[in-house]
Amino acid sequence: MEFFKCLFGVMVVVAVLACDVSAQHYWSLPLPNQKVPPLPQKQLVVPPPAAPFDECQVAQEDKIQCGTPDITAEHCDNINCCFDGHQCFYGKAVTVQCTRDGQFVVVVARDATLPNIDMESVSLLDTDDPACAPVDVTSAFAIFQFSATACGTTFKEEDGHVVYENHMSSSYEVGVGPRGSITRDSHFELLFQCRYSDTSVEALVLEVDVVPPPVSVAAAGILRVELRLGSGQCQTKGCDEETAAYSTFYSHSDYPITKVLREPVYVEVTILERSDPNLVLNLEHCWATANPNPQSMPQWDLLIDGCPYHDDRYLTTLVHIDGSSGLLYPTHHKRFIIKMFTFVDQSDFSPKKDTAFIHCSTAVCYPSSTQSCDQTCHRQRRAVAPAVRASTSRRALVSSGQVILTDQ
């Protein structure tokens, strides 16, 4: 399997910022002769967020000054920044500003997407000119400043405005397997403009979007086995997330369920209606598909011979179950945790499959004095598999319900 970088984007209108300036401050730009009425001070075209999110909740150590040190709270708000009573700073979003001397200032926050953007992966589409690289990159922000006539900026006249437009993207990593490709990185394309007229300067931003998660169902065979996804959440301080996750499970009516990229998905496979304490459930192969058919393509391996697929950058985590788990028959259960991903189109490696179904082929093992049912992932697979299969009597295939990737 190999990993490499791709570019892809979804655009959503985020904000419009307008401020009055005199034409004499930007005389070097090609301005139209036509006079137009002043624009409103501020026009917001942001759809209400699905969940409360305060862009101005920036850690003190991550705050970057926006504007001059003596800026007022009103002026700070007019240039789309945050004010804490003492300082004007950039919020956790994408901020585009157009200066009077024809400069773009673009500040991209790590928290502009969920999961967060890798600040090192953000770049203008014109990457050949060193002047188009970010002027500063911190753990929380990437800052770009460049001329409105540089870095591949295009120029046009539109409705009495001179419009300068450019693009920005983040790269994302794609894992390529033998039967499918996935990514766990958020990614976006940013289109932004500076619009100049004789009476105003206006910044227009068309921004980011993110990706979707998985669900749980059971398929019956000769052996009754169920696959389900944990839904429990920590409610108290100091709670163990793993323990809480497996305390409750999604029911059939809960599907499809939604997850975000890299969010943990807690999977449990269980033998049903058996009371023999000597039975041991083994997972031979677990994988994911974009469709409910377990044989459909693309596919992504999760477990092979009960062990994490070693070519996955985010290895599946096996959960140890013993008598302390509180389960009546601990050996009748197998648990593992995966990080949510989305399937990638094989033709152009763009994330297009926003649903996932999890499947496992299972076997019941009877231990003996000479055969162990342990699936020891530290050994060579060839040494483990024959021992397990020699003591296996029954197999079944189980699948989850639909899991949908979401950006919230």
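This is a predicted model: local features need pLDDT of at least 70, side-chain atom pairs count only at pLDDT 80 or more; totals for chains, interfaces and linings use all residues.

**Notes on the chain**

1. A356 has V403 as its bridge partner in β29. Strand β29 covers residues 403–405, and two bridges, antiparallel in sense, pair β29 with β27.

2. Strand β27 has another antiparallel neighbour, strand β20 (residues 280–289), and 9 bridges join these two strands. Within this pairing, A288 has I358 of β27 as its bridge partner. As a general point, strands of a sheet pair through backbone hydrogen bonds, in either a parallel or an antiparallel sense.

3. How many residues of strand β27 are buried? The count is 11 of the 11 residues in the run 355–365, so the strand is largely enclosed by the rest of the structure. In a regular strand, side chains alternate between the two faces of the sheet. In β27, T355, F357, H359, S361, A363 and C365 point one way, while A356, I358, C360, T362 and V364 point the other way. Residues on both faces of β27 are buried.

4. S399 belongs to strand β28, which comprises residues 392–399. With a relative accessibility of 10%, S399 counts as buried because the cut-off is under 20%. H359 is likewise buried.

5. The disulfides deserve a separate check. A disulfide is a covalent bond between the sulfur atoms of two cysteines.

6. C76 and C88 form a disulfide in which the sulfur atoms are 2.1 Å apart. C76 is part of helix α1 (residues 73–78) and C88 is part of strand β5 (residues 88–89), so this pair ties together parts that lie 12 residues apart in sequence. The torsion about the S-S bond of C76 and C88 is about 90°, so the disulfide is right-handed. Both C76 and C88 are buried.

7. C234 and C239 are joined by a disulfide with an S to S distance of 2.3 Å. The link of C234 and C239 is left-handed, with -75° about the S-S bond. Are these two cysteines buried or partly exposed? C234, at 30% relative accessibility, counts as partly exposed, and C239, at 28%, also counts as partly exposed.

8. A disulfide also joins C307 to C377, with an S to S distance of 2.2 Å. This pair links distant parts of the chain, 70 residues apart: C307 is in strand β22 (residues 307–308), whereas C377 is in the loop between β27 and α3 (381–390). The link of C307 and C377 is left-handed, with -95° about the S-S bond. C307 counts as buried at 8% relative accessibility, whereas C377 counts as partly exposed at 31%.

9. An open sheet may be examined next. It has 4 strands in the order β6-β7-β10-β9, with antiparallel pairing. The edge strands, each pairing on one side only, are β6 (94–98) and β9 (136–137). Between β7 (residues 103–109) and β10 (residues 141–147) there are 7 bridges. In this pair, V106 stands opposite F144 of β10.

10. Most residues other than glycine have a negative phi, and most peptide bonds are trans. The peptide bond from Y255 to P256 is cis, with omega near 0°, and P256 lies in the loop between α2 (241–245) and β18 (257–259). M297 and P298 are also joined by a cis peptide bond, with omega about 5°; P298 is in the loop between β20 and β21 (299–304).

11. R262 has a phi of about 70° and is found in the loop between β18 and β19 (264–271). At 25% relative accessibility, R262 counts as partly exposed. D305 has a phi of about 50° and is found in the loop between β21 and β22.

12. Finally, the chain as a whole. Its secondary structure comes to 3 helices and 29 strands. Of its 408 residues, 49% count as buried. Among contacts between residues at least 6 apart in sequence, 69% join residues at least 24 apart. The chain exposes about 19,600 Å², and carbon and sulfur atoms supply 51% of that area.

Key. Residues are numbered from 1 along each chain as its sequence is written. Side-chain values use heavy atoms; hydrogens and water are left out. Buried means under 20% relative accessible area, exposed over 50%, partly exposed in between (1.4 Å probe, protein chains only). Two strands pair if DSSP finds at least two bridges between them. A disulfide is a pair of cysteine sulfur atoms within 2.5 Å. Contact means heavy atoms within 4.5 Å. Accessible areas come from the Shrake-Rupley method with a 1.4 Å probe; for residues, only the protein chains shown count as cover.
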